[in-house]
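Here's a quick briefing to read alongside the model. Have the sequence and the 3D view open as you go.

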Amino acid sequence: MNAFVTRLIPEAGLQMVRQVCQVRVWEGELPPPREVLLQQVAGCDGLICLLTDPIDAGVIAAGGRLRVISQFAVGVDNIDLAAATARGIPVGHTPGVLTEATADLAFGLLLAAARRIPEGIEYVRAGRWRTWEPLGLLGAAVWGATLGVVGLGRIGTAVARRGRGFGMRVLYTSRTRKQRLEAELGLERVVLGDLLARADFVTLHCPLTPETYHLIDERALRRMKPTAVLVNTARGPVMEMEALARALREGWIAAAALDVTDPEPLPPDHPLLSLPNCIILPHIGSATVAARERMAVMAAENLLAGLRGEQLPYCANPEVYGEGEQLRSERNGGFSRRGLGL
Ligand code: NAP
Ligand code: GLV
């Protein structure tokens with residue numbers, strides 16, 4: 001069996017795949033160009049891909065013998081799930097193992113923006129620190145402030161816990177009510193408009209979907225407090241970037257701290273890069289040694305399960321095991337989910 005891995009990932013995962021498959025790894029510093037992706041997918045049974053690889057209907061159609069797509073990330077907005085499901089191909093992803101790492105980064109960004117940490121570092125480096133200043137680099141208090149979590153899933157909950165640890169009042173908005181968490185953490189569920197109007201810090205943790213695309217647009221930004229900080233470790237297109245630049249320039253909100261942007265990377269002349277009240281990191285939410293290793297192992301587990309015709313342990317399109325059953329069964333030579341007792 002052949003597997004294609006679109007970038008070098010931690011060896012722990014690659015080793016697992018090599019024991020079973022002929023593995024090709026794209027070792028470029030940048031993602032493989034589309035023509036390489038199409039060519040490699042055509043000859044492989046399993047694909048490990050990254051959020052930087054657009055796995056659209058064309059790529060999926062090119063994978064004539066493709067039995068499994070395994071994403072090295074939790075978010076799968078770069079993959080046409082409907083096209084994969086229609087072809088009976090399960091899509092794996094890596095939920096959970098990066099939750100705390102990403103929540104740490106989100107809270108780090110929140111603190112950095114509130115307390116103007118990057119500006120302070122720059123101030124010292126530029127030799128402008130001459131004395132202790134009673135009115136210099138004043139920021140926003142985090143302790144006791146109100147945190148608004150948009151999307152109370154795994155990462156949103158982990159950030160809410162951190163907020164509670166900092167004595168914050170925590171509001172959330174999500175599609176479904178989380179009564180157990182409300183009781184356990186003392187959270188308040190509100191509609192998005194109220195969250196934006198009341199929160200001192202708004203932190204985004206929903207996936208990128210047609211419903212969340214540009215969720216934070218001009219209207220949403222104008223609802224926020226002029227002292228508020230927006231933190232985004234979810235996906236760039238959840239925010240409307242032009243509106244955000246205006247909001248920061250014209251003072252509709254105080255600051256933004258982003259691990260994700262639209263596009264990624266931002267062009268060097270992008271207006272957000274010249275604003276002192278905007279912190280931007282290069283999408284490093286899950287970038288700890290431990291999280292990336294566990295993601296690699298999980299991606300390998302998903303890939304290998306798919307190649308064996310077994311249900312993926314972490315599947316982003318579970319519906320493939322319903323309607324896609326017949327097709328999948330045919331591809332696996334009749335070795336269906338029912339045959340596995342699943
Ligand atoms: P998750 O557990 O699935 O949580 C997502 C939450 O968003 C769910 O609770 C869901 O609500 C909620 N949601 C969905 N649509 C919504 C909407 N229209 N309005 C409000 N809430 C909505 O996922 P996760 O593991 O926490 O990851 C969340 C996202 O973070 C990923 O999809 C990915 O894009 C991003 N991420 C980024 C990094 C990074 O490096 N910066 C790292 C990891 C993940 P319900 O529970 O009510 O369905
Ligand atoms: C990273 O952004 C992920 O979705 O895992």
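This is a predicted model: local features need pLDDT of at least 70, side-chain atom pairs count only at pLDDT 80 or more; totals for chains, interfaces and linings use all residues.

Residues are numbered from 1 along each chain as its sequence is written, chains are lettered from A and ligands numbered from 1 in the order in which they are written, and side-chain values use heavy atoms, with hydrogens and water left out.

**Overall fold**

- The protein chain has 13 helices and twelve strands (DSSP runs numbered from the N terminus: H or I of at least four residues for helices, E of at least two for strands).
- A compact globule of 342 residues would have a radius of gyration near 20 Å, so the 22 Å of the protein chain agrees with that (taken over C-alpha atoms; the globule rule is 2.2 Å times the number of residues to the power 0.38).

**Ligand 1**

- There are 25 residues around ligand 1, and Ile155, Arg175, Thr176, Lys178 and Asp259 come nearest (a residue counts if one of its heavy atoms lies within 4 Å).
- By class, that shell has eight nonpolar, twelve polar and five charged residues (Ala, Val, Leu, Ile, Met, Phe, Trp, Tyr, Cys and Pro count as nonpolar, Asp, Glu, Lys and Arg as charged, and the others, Gly among them, as polar).
- Look for a polar side-chain atom of lysine 178 at 2.3 Å from an oxygen atom of ligand 1, a polar backbone atom of glycine 153 at 3.1 Å from an oxygen of the ligand, and a side-chain N or O atom of histidine 283 at 3.4 Å from a ligand oxygen (polar contacts are pairs of N or O atoms within 3.5 Å).
- On its own, ligand 1 has 930 Å² of accessible area, and the protein covers 87% of that (Shrake-Rupley method, 1.4 Å probe).

**Ligand 2**

- From arginine 235, a side-chain N or O atom sits 2.8 Å from an oxygen atom of ligand 2.
- Ligand 2 exposes 190 Å² when taken alone, and the protein buries 87% of that.

**Second largest pocket**

- The second largest pocket has a volume of about 440 Å³ (a pocket is an open set of points on a 1 Å grid over the protein atoms alone, where a 1.4 Å probe fits, with protein on both sides within 12 Å along at least five of seven lines; lining residues have an atom within 4 Å of a point). Grid points are joined across faces, edges and corners, and the volume is the space filled by probe spheres set on them.
- Its lining has 19 residues, with Arg115, Glu133, Gly136, Leu137 and Leu138 closest to the centre.
- By class, the lining has eleven nonpolar, four polar and four charged residues.

- Leucine 137 isn't a glycine, yet has a positive phi of about 50°; you'll find leucine 137 in the loop between helix H6 (117-125) and strand S6 (146-150).
- Aspartate 262 and proline 263 are joined by a cis peptide bond, with omega about 5°, and proline 263 is in the loop between strand S11 (255-258) and strand S12 (278-280).
- Glutamate 264 to proline 265 is also a cis peptide bond, with omega near -10°, and proline 265 is in the loop between S11 and S12.

Methods:
A polar contact is a pair of N or O atoms within 3.5 Å; within protein, one must be able to donate a hydrogen and the other to accept it, and residues adjacent in sequence count only if both atoms are side-chain atoms.
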